[in-house]
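Have the viewer open as you read.

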Amino acid sequence: MMTSLSDGAIMTKIKAMYGKRLTEEQYRALMQKKTVAEVAAYLKDETGYSEALSAVQPGSIHRGQLENMLRKTRFNRYLSLMRYEFQKESFYDYVVKEVEIDQILQMIRLLNTRRPEEYILQYPAFIEKKAAFSFLSLANVRDFDGLLALLAKTPYANLLRQFRPVGAELIDYTRCEVALQSFYYTGLKEQIKKKFSKKTALQLNEIFDTYTELTNINNILRYKAYFPKTPYAEIRKSMLPTNDRIPKRFMDELIESPDIDKARDALVHSPYVKYTNGKDNIFIEYELNRIRYNLCRNYLRFSQSTATVFVSYMILSMVEIANITTIIEGIRYGVPHEEIKKMII
Amino acid sequence: MAIEKMSLVQLTGGMEILDETLERCLNVESFHPEQLSAFSGKIHGITQIVQESPYKATLSGMKDLAETAGISLPSWQNSNPFLHRDEIQELLAKCKEEISDTDREKKVLLQEIEKSAAELMQKENARGPNADFEDLFAQSYLVVRFGRMPAENLAKIENHKDNPLFFFSLRAENNYVWGVYFTTQKYRVQVDDFFYSLYFERIHSANHAADRDEIEGFISKFKDELTALAQERNRLQTEIEQSSSALVQIEHLKSLNVSLDDIFACKYVEVRFGRLPVDSFSKLKYYSDRMFFFLQFSEEKDYYWGAYFTTWEHRVEIDELFASLYFERVWIPDSVHGTPEFAKLNITANMEAKKQKLVDVNEQITKLITNNLEAFQRAYMRISFLNDSYDLRKYVVVYQNQFHLVGFLPAKNERAFTEHFAEVAGLAVEFKPPDSDKRLTIPTKLKNIRLLKPFEMFVEMYGTPSYDDIDPTPFVGITYMLLFGIMFGDLGQGVVISLLGFLLWKLKKMEFGRILMRIGASSAAFGLVYGSVFGLEHVLDPFYIKVLGLAGKPVEVMAASTINTLLVTAIGLGVVLIISSMFMNIVLGFKQKNYERAVFSNNGIAGLVFYSSVLIGIIARITSEKNLFTPVYIICFIVIPLLFIFLKHPLGKIAKKSKDIKPEDGIGSFLIEGIFELLEVLLSFVTNTLSFLRVGGFIISHAGMMAVVLTLTEMFRGSTSILVLIIGNLFVMALEGFIVGIQILRLEFYELFSRYFDGQGKPFISLTDKSNS
């Protein structure tokens, strides 16, 4: 448990940071922009990102760099909150762990596509100092063994060792992802149980479980749509750990559906149908993030628990950056602003 | 003071007059169209017009352009978009009459007019009644412009008699003069310019396609010019930004004691100046085997300033590498020579020149926008009018090449409506009783005198009354003013509230301002009764004693004896209001032939008898110590009405002559529900009556709060005490004014409306209201 002093400080600082979020009016103004430079100028001059983007020259900044800087801003906000956290093994380290897993998975993807040299351009150098392994060294990895060697001192190596490919076969990305994500969520849940009160644990679990549950349903539907022959046991293995809020019977029905049509039928007759897009009943990222967004916004306003407010804020700020990225990409590719509007949360 | 009587109107005509009809619909006062297409699917042969408005794209383009140019967009309701055809003919006749007496030179013009008129008649006969006047005139030598201009500019035409033109005014309205001017093609530009300078607003013909083409042409030209200037501005801004970056770069290069010319003169070495994000800088180690080196000059937040050097043959690869690392290259202008110090002076001078040019371009943009502003706004009004009229097609159904449009309008407007459409040849306008089409719900338009009209807002907040309901606005208006005055009686504060209301209404057009004006006046009137001015309770005493000859002020709120009277009077007032509401419910019940509501319900005759009997009994007991509650009295006036209320559903069904009087959910459920409902009814009679105690309570609390303010005022001296008095008054007005306002609304909605008002009606929304919103 943190001290109440740091609790209060973090809570106050988060509320102040959240006050600088983009307003509806600012989103509208952003969507009206015609070029990436205009978006950069607007973010720099008119929004809560002013200070973070003060060095930016809107006319010459690259879209990728702008997005990088926004992500860096989020991470810097995280670091500034961490100044008030005095525990060594903090629950809040989960943010860094999330990035570490993401980087490993990214490298596995690149190894499978034989393009590991591209990693160097993608990794977020600003997080490197906090991470358990060097991202720059990760950029030098050229095969699975190299990856295991790099991660040797981290718990990730043991998790991944079992998936070592034989000969020229590809690395089983899905299994790696499930193993890493399961490790992440299990660890998170243990920490939640150990460190927080029942009420806070309930709130935190709701946030994380809602995400994992919907992701699981989404994944099943994808299996059914694109790989209907996948054995049921295989699908079960690819499920992320949850608190079993969804009835097992329903999950079984979904997993054991012979094809996508049957799976859709099962979904239509369940309460989860409201989270689908109505047409093909496939979960879409948008809905998933929207549910998370609403849940977190509610918690950020009303929860008394610092941990809940923290997690909510980190998710909300991630959604905000995703929205800005969507707008930037929309503008870059000439998408009409009504269409962009539909895509942002 | 009621609900406006309605008529159902059906417009029928051939498809060729659809556009004209719809345009006139937009201009007609109070017309509420109905969506017939909802029923059209059920009848064979009836189709709906489903077409995207052809004006939508132009309109959307204009909105975008207006936003870019910072032009405000007016509503077309602010202008009269076209003249009627007979008005044009009348105008022509008048012109001919007046020209006949003019000099020889102008007779040439007259001949042109006559020629055109003949042409007009001929072509009109040939083309039927839809011939386009302006189109015809455009073919002759003569130029005719219809339109309007500010009346004060009329005299200026007189001052320029030498101009080759005729102007004839047709009619004057709202500081504008409608008229027409004639000139020849030769002088067209000169005369058009002259009239433009007089703010002549040209009226376009009813030729939609021509209008759209003309407007699109204008918009495209305006957009092209604006875009060209905007591009020039952006180019200059970019160049200035680049120069500014170059300056910064050169500032960072100060430590470099080499002439830039020497660096750029290198034949085999390529150099790029710029800045690299800090995150990318750390990744350079990864590329240590590549053919480049990065020279870092200085560091600033998030970036390293510097230059990378590479060989000529590796330049493409290294440029790509640095681009992927988000290196922002700074272009050193060609004009830069010599050492950094020298180059700095050079760039500064160059940048200043560009800044001056940018100022010029910005001025040109402003001028372009100013020059086109009026024309743009006029074009926008025209296109948005055409778009709105096109949108009305959704209300239209077509059967055998005839369109049908149905809607409601106030019955008193029938004649004006017919006249408005009389000029559309081939259009049949048929009026019917409002309830003649059972598929349609008759919309409700409230009609109240000016004093009470603003209170319609409160009624609509709750719901719109049905067409056959009673309009509760007068009741709400009167009781609201009365209660507010009683609860917040203060002459000074009432006047201030009225003034505030007046300002809100005049400056912000807030409907609530008009309510404030009225309740402020009521507050002032009751302030006179209480003798209270800004909380000063005895300022008006001389007025009562010397002028009115009274012993003192009429009501002393804080006197111990008055407090009881006030509270009893408040309850008395509540009783009167509750009984009035019940009366209204009874009348409505009978009007709708709903006997359950009128006779048996707790707000019907049964409830009224019960409530008044109990009250009479209690009053008799208190005032004359006479006990009316005899067994007969109790059975007749209390038990039987309560039984009626208990059995209101089955009794209502019997009154309706319905055979099925059995409760739907069985007897048991009926009994339990009935008992609880009856208990609730009894309780609500008590609570609703006592609720009015707050009226008396607020009179006392107002006086109490002002007494506190005065005590505080007395604690200070001089100007401070006046300041405390002012702040105290403002505080009480803001706090108590709000609370009292909300409490009365609560009494109206909860204690009174719930007894007689359903608010299930459909509001009458005329097309003009819709377009405005």
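Predicted model: local features only at pLDDT ≥ 70, side-chain atom pairs only at ≥ 80, totals over all residues.

One is residues 80-85 of chain B, where the pLDDT is below 50 and the model shows 10 contacts beyond near neighbours in sequence. The other is residues 120-140 of chain B, again with pLDDT below 50, and here the model has 26 contacts beyond near neighbours in sequence.

Taken as a whole, chain B averages a pLDDT of 81, and 86% of the residues score at least 70. For the complex, the predictor gives an ipTM of 0.78 and a pTM of 0.55.

## Where the chains meet

Chain B puts 16 residues into the contact, and chain A puts in 16 residues too. On the chain B side, α9 (208-252) and α11 (278-283) of chain B each supply at least two residues of the surface touching chain A. What sort of residues does chain B use there? By class, the side of chain B that touches chain A has eight charged residues, four polar and four nonpolar.

## The sheet in chain B

Four strands of chain B make an open sheet, running β10-β11-β9-β12 with antiparallel pairing. The edges belong to β10 (292-300) and β12 (328-329) of chain B; each has a single partner strand, so one side of each has no neighbour in the sheet. Helix α12 (residues 315-324) of chain B packs on this sheet, touching β9, β10 and β11 of chain B, and its direction makes about 160 degrees with that of β11(B).

Now zoom in on β9. Strand β9 (residues 269-277) of chain B pairs with strand β11 (residues 303-311) of chain B in the antiparallel sense, over nine bridges. Along that pairing, F273(B) sits opposite A307(B) in β11(B), and G274(B) has G306(B) as its bridge partner in β11(B). β9(B) also pairs with β12(B), antiparallel again, over two bridges. Which residue of β12(B) is the bridge partner of G274(B)? That's R329(B).

## A helix pair in chain A

Helix α10 (residues 173-195) of chain A packs against helix α11 (residues 198-226) of chain A at an angle of about 165 degrees, and their axes are 10 Å apart. The two, α10(A) and α11(A), are therefore roughly antiparallel to each other, and their crossing is left-handed.

From α10(A) come Y185(A), L188(A), K189(A), I192(A) and K193(A), which meet A201(A), L204(A), N205(A), F208(A) and T212(A) in α11(A). Sorted by class, the contact of α10(A) with α11(A) has six nonpolar, two polar and two charged residues.

## A helix pair in chain B

Next up are helix α20 (residues 560-591) of chain B and helix α27 (residues 718-756) of chain B, whose axes come within 7 Å and cross at roughly 20 degrees. That makes α20(B) and α27(B) roughly parallel to each other. The crossing of α20(B) past α27(B) is right-handed.

The residues making this contact are L577(B), I578(B), S581(B), M582(B), M584(B), N585(B) and L588(B) on α20(B), with E751(B), L752(B), R755(B) and Y756(B) on α27(B). By class, the contact of α20(B) with α27(B) has seven nonpolar, two polar and two charged residues.

Notes
Residues numbered from 1 in each chain as written. Chains lettered and ligands numbered in written order. Pairing = 2+ DSSP bridges. Contact = placed C-beta atoms within 7 Å. Axes fitted to C-alpha atoms, helices over the stretch in contact; angles between N-to-C directions. Nonpolar A, V, L, I, M, F, W, Y, C, P; charged D, E, K, R; others polar. pLDDT = per-residue confidence, 0-100. Parallel < 35°, antiparallel > 145°, perpendicular 65-115°, else oblique. Left-handed = near helix turned anticlockwise from the far one by under 90°.
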